[in-house]
Amino acid sequence: MTAERVSWTIDGRPILDDVGVLAPAGAVTGLLGPNGSGKSTLLRILAGVQQAGHAPPSGTATSTAFDGVDLGGVPRRERARVLALVEQDAGTDLPLSVLDAVLLGRIPHRSLLAGDSDADRAAAHAALLAAGAEELADRAVGTLSGGERQRVHMARALAQEPRLILLDEPTNHLDIAAQLDAMRVLRDLAADGVTVVAALHDLNLAASTCDHLVLLDQGRVVAAGPVGEVLVPEVLEPVYGVRVDVLTHPRTGRPVLSFERG
Ligand SMILES: Nc1ncnc2c1ncn2[C@@H]1O[C@H](COP(=O)(O)OP(=O)(O)OP(=O)(O)O)[C@@H](O)[C@H]1O
């Protein structure tokens, strides 16, 4: 997936300024950056979800392409067959069971008048299993804890069987075991050729899981590349305003970061 020249202003304030992103297929790309750096906004623009009244400044030529196709020009339903967005804290007031919520992910794949097929239900159950939420299938979504709800949102996106999945802080409500399980799901998707882009705050989770990183600061890309090139003190310290030490994990060889307030 590539995005070029993504700019966005709100009330004249630049939120994203000429951002370019390359997210390789079959890889997990981590989208990093401090609070307010523009990660959620970028994911929503990449997914084609835009809030009314927040127009990009004139004169910019934003383009987002996946598999050589300009996603901006693809009708919504068709786009939903290609990409899934897992938003941060996406609540729902709908009185839905978890299984029905996950079955919503199948809608782009069936004809408009058709109900759920056996194949749809099988895909929904497989997605619930992969997201560690199968025991929640009959619960009402509104009664779930934050972490349970997050697993259900992941399951809904998996049921969509996307080739591009965009996730906003997919682990923020999860306990440590569930965080690792969620990142394993993303790795498995990437191994199947899916393009995965996840906004993450936990730099160590990014270090242990991602192949490729994009670091935003104040709406601009300040670094992008392999994990070992981005997660280095000279890149991170000016952005986060903390002292960073980088160690090497004894088994995986991946970076392990330690932070101190300078
Ligand atoms: N609807 C809005 N109205 C005004 N400002 C907004 C709106 N949506 C986002 N912003 C501002 O845009 C900037 C980027 O927000 P965004 O949510 O994209 O950042 P983020 O990197 O995802 O942050 P966080 O890590 O805190 O979730 C922030 O300064 C935010 O306050």
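1. Asp18 lies in strand β2 (residues 13-22); strands (E, at least two residues) and helices (H or I, at least four) are DSSP runs numbered from the N terminus. Its phi is positive, about 55°, although Asp18 is not a glycine. Asp18 is partly exposed, with 14 other C-beta atoms within 10 Å; the class lies between buried (20 or more) and exposed (12 or fewer), with C-beta atoms placed from the backbone.

2. This is a predicted model, in which local features need pLDDT of at least 70 and side-chain atom pairs count only at pLDDT 80 or more, while totals for chains, interfaces and linings use all residues. Residues are numbered from 1 along each chain as its sequence is written.

3. Arg5, in strand β1 (residues 2-10), has a phi near 50°, a positive value in a residue other than glycine. Arg5 is partly exposed, with 14 other C-beta atoms within 10 Å. Most residues other than glycine have a negative phi.

4. An open sheet of six strands has the order β6-β7-β8-β3-β9-β10, with mixed pairing; two strands pair if DSSP finds at least two bridges between them. Its edge strands, β6 (83-86) and β10 (220-226), each pair on one side only.

5. Strand β9 (residues 212-217) runs antiparallel to β10 and is joined to it by six bridges. Asp217 stands opposite Arg220 in β10.

6. The ligand is surrounded by ten-residue-shell members including Ile10, Asn35, Lys39 and Thr41, where near means a C-beta atom, placed from the backbone, within 6 Å. Helix α1 (residues 39-46) gives the largest share of this shell, three residues.
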